[in-house]
Amino acid sequence: MLPLPRAIARPLRYYCAATVYLSTMGFVGSAATFVSLVLNAIGQGYMTNYYVARIFYIVASRVMGVKVRVEGAEYLERDDIDSAGRMKADQTGVTTGPAIVMNNHQSMLDILVVGKTFPRQTTMISKQSIMFTPLGPFMLLAGCIFIDRANPTAARKSLHEGVQTMKRHRLGVWIFPEGTRHQSPTPSMLPLKKGGFHTAVEAQIPIIPVVTENYWWAYRQGVWGFGEDGPNELRVKVLPPIPTAGLTIDDIPELVTRVRDQMLVALREISRDGPAPHADDKTAQLSVGPAPEKSPLPSPPPEEAPKPVEGSAPSESGSNGTEEDEGMVLVGRPE
């Protein structure tokens with residue numbers, strides 16, 4: 001077979017990778033309902049997300065040929081539960097427990113990071129419409145907290161009820177605090193939504209930032225660069241827990257600033273420039289300045305967003321062809 005010109009081979013490589021990745025997500029998502037039924041039957045329903053995440057990572061990392069290398073994974077470990085997620089009868093000497101895990105959000109590829117790092121006895125917050133998708137039954141059985149974004153009063157009530165469930169079952173929660181997916185040629189983040197911080201303060205549990213390197217060089221619309229010119233891995237750094245014990249709603253703006261600043265420092269530290277862009281890569285012509293060193297809170301203006309990739313329209317949130325997900329795990333279309 002004659003080699004294809006790069007202008008044809010690169011988009012073909014991207015769409016093949018996206019198709020395989022989405023197919024893997026669909027396959028694991030279908031199996032997840034069965035897994036959650038079994039775990040609920042033995043009283044381990046809140047461990048569903050952990051096992052499904054690990055299954056997805058094992059399958060997807062091998063199929064896609066992309067590994068996730070994690071620094072600081074020990075911060076996600078808990079000593080108040082055993083390996084099966086059951087609460088230890090003797091809590092003497094326990095130093096770690098549930099937490100709000102906050103991860104920067106770039107694309108659907110982040111689900112690979114979730115698969116590698118998702119903690120035990122942890123659930124998710126998701127928009128209500130996901131309940132009526134093929135993932136709905138699995139997420140419902142896994143104890144997902146569903147939020148009606150169209151009804152702020154109902155959303156606040158759901159979050160409050162979710163906090164009570166978290167306290168009762170000692171659950172952690174994984175969220176994407178930027179509220180939408182954001183990709184940029186340079187390491188940057190959007191301002192953080194405050195919902196997850198309210199949850200952390202109300203539940204009085206720590207926040208654990210999980211930072212995924214900026215992988216614009218490896219994956220974006222029309223580009224799949226893993227194994228072509230760059231490495232076959234993603235770098236992730238888990239930061240030490242940030243306590244919320246004793247904090248009140250008045251402390252949230254400062255807490256938001258502190259978390260975002262720490263995440264930005266780590267993001268710039270672990271991100272790589274990647275290989276030089278090819279002449280036929282039109283998306284590489286985008287130019288975006290670095291994110292500011294400090295988040296101008298309590299009322300942060302949105303950061304300058306990258307110009308839209310040719311053929312896509314910018315979202316109101318300022319990210320490139322994205323859609324709002326209110327700080328949730330969102331299984332979406334390729335970008």
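Which residues do ring pairs link into a cluster? In this structure, ring pairs join Tyr14, Tyr15, Trp217, Tyr219, Trp224 and Phe226 into a cluster. The model is predicted, so local features need pLDDT of at least 70 and side-chain atom pairs count only at pLDDT 80 or more, while totals for chains, interfaces and linings use all residues. Residues are numbered from 1 along each chain as its sequence is written, and side-chain values use heavy atoms, with hydrogens and water left out.

**Aromatic rings**

- Rings of Phe, Tyr and Trp (its six-membered ring) pair if their centres lie within 6.5 Å, and planes under 30 degrees apart count as stacked, over 60 as edge-to-face and the rest as tilted.
- By this rule the structure has eight aromatic pairs.
- One of them joins Tyr14 and Tyr15, whose ring centres are 4.8 Å apart with planes at 75 degrees, so the pair is edge-to-face.
- Tyr50 and Tyr51 have ring centres 5.3 Å apart and planes at 70 degrees, so this pair is edge-to-face.
- Tyr14 is buried, with a relative accessible area of 2%, whereas Tyr51 is partly exposed at 32% (buried means under 20% relative accessible area, exposed over 50%, and partly exposed in between, with a 1.4 Å probe and protein chains only).

**Cysteines**

- A search of the whole structure finds zero disulfides, a disulfide being a pair of cysteine sulfur atoms within 2.5 Å.
- Cys16 counts as partly exposed at 42% relative accessibility, while Cys144 counts as buried at 9%.

- The structure holds one cavity of 30 Å³ or more, where a cavity is a set of points, on a 1 Å grid over the protein atoms alone, at which a 1.4 Å probe fits but cannot get out.
- About 60 Å³ of space lies in the largest cavity, with grid points joined across faces, edges and corners and the volume taken as the space filled by probe spheres set on the points.
- Lining residues, which have an atom within 4 Å of a point, include His105, Glu178, Met189 and Leu267 for the largest cavity.
- By class, this lining has two nonpolar, nine polar and one charged residues (Ala, Val, Leu, Ile, Met, Phe, Trp, Tyr, Cys and Pro count as nonpolar, Asp, Glu, Lys and Arg as charged, and the others, Gly among them, as polar).

**Thr117**

- Thr117 is found in helix H3, residues 110–117, a helix being a DSSP run (H or I) of at least four residues, numbered from the N terminus.
- Thr117 counts as buried at 4% relative accessibility, and its side chain reaches the backbone oxygen of Val113 at 2.8 Å.

Note on methods
1 Å grid on protein atoms, 1.4 Å probe; cavity = no way out; pocket = protein on both sides within 12 Å on 5 of 7 lines; lining within 4 Å. Helix = DSSP H or I, 4+ residues; strand = E, 2+ residues; numbered from the N terminus. Polar contact = N/O pair within 3.5 Å; in protein donor to acceptor, adjacent residues only side chain to side chain.
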